[in-house]
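Below are some notes for a colleague who is meeting this structure for the first time. Please read them alongside the sequence and the model.

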Amino acid sequence: MNLDIIDNKYILFINYVCLESYAEDKISIFLKDIFLLLSDVYSINLFGYFKVDIYIDKKIGIFIEIDRLDDYVSYNKKIDTKVMIIDDGFYLKTNDLSKIYKYKKIYSYNNNYYISTKDVDNITDIVEFCDLVYKDFDLFLNNCVNV
């Protein structure tokens, strides 16, 4: 697991999919465990109203973005969340076309090349040569060129 804090936003990466269902009760338990982990391991005690975006790729893992919307605390809750789950897969980004030339559907944007993790059979062969892109797919796909 990896934690980054960027502009008061907590970004966690878990390198396996540990969310077996998207049912509300399963998500609630999952998020409770994440907030407890932040408290116990990283000594980050959160309270208030949060936007939680969960990005899932079954081959790579889960990115979780936690962003405080308000310091509001209700009588019976320390934390309240607005949750969005995106199960759309990730993209691998590289500036060296030779690393990904054998894959289908290569996209080019701003001198970088992208492939979907859905098109790669063995992620471990290529992930060390690429950066993960886990969000804003529509933005770059609308502006990129097929190679």
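1. Asp 88 is partly exposed, with a relative accessible area of 40%, on a scale where buried means under 20%, exposed over 50% and partly exposed in between (1.4 Å probe, protein chains only). Lys 118, at a relative accessible area of 54%, counts as exposed.

2. Before going further, note that this is a predicted model, in which local features need pLDDT of at least 70 and side-chain atom pairs count only at pLDDT 80 or more, while totals for chains, interfaces and linings use all residues. Residues are numbered from 1 along each chain as its sequence is written, and side-chain values use heavy atoms, with hydrogens and water left out.

3. The side chains of Asp 88 and Lys 118 meet in a salt bridge, at 3.7 Å from N to O, the term being used for a side-chain nitrogen of Lys or Arg within 4 Å of a carboxyl oxygen of Asp or Glu. Asp 88 lies in the loop between β5 and β6 (91–94) and Lys 118 in the loop between β8 (112–116) and β9, so the pair ties together parts that are 30 residues apart in sequence. Helices (H or I, at least four residues) and strands (E, at least two) are DSSP runs, numbered from the N terminus.

4. A second pair is formed by Lys 135 and Glu 65, whose closest N and O atoms are 2.9 Å apart in a salt bridge. Because Lys 135 lies in the loop between β9 (131–133) and α2 (137–141), and Glu 65 in strand β4 (residues 61–70), this pair links parts that are 70 residues apart in sequence. Glu 65 is buried, with a relative accessible area of 3%, whereas Lys 135 is partly exposed at 26%. Salt bridges that share partners join Lys 9, Glu 65 and Lys 135 into one network.

5. Asp 53 and Lys 51 also meet through their side chains in a salt bridge, with 3.4 Å from N to O. Asp 53 is buried at a relative accessible area of 5%, and Lys 51 is partly exposed at 31%. The count of salt bridges comes to six.

6. Which residues lie nearest the centre of the largest pocket? They are Leu 31, Lys 32, Phe 35, Ile 79 and Thr 81, out of a lining of 16 residues. The elements that give two or more residues to this lining are α1 (24–42) and β5 (79–86), and α1 gives the most, with eight residues.

Notes:
1 Å grid on protein atoms, 1.4 Å probe; cavity = no way out; pocket = protein on both sides within 12 Å on 5 of 7 lines; lining within 4 Å.
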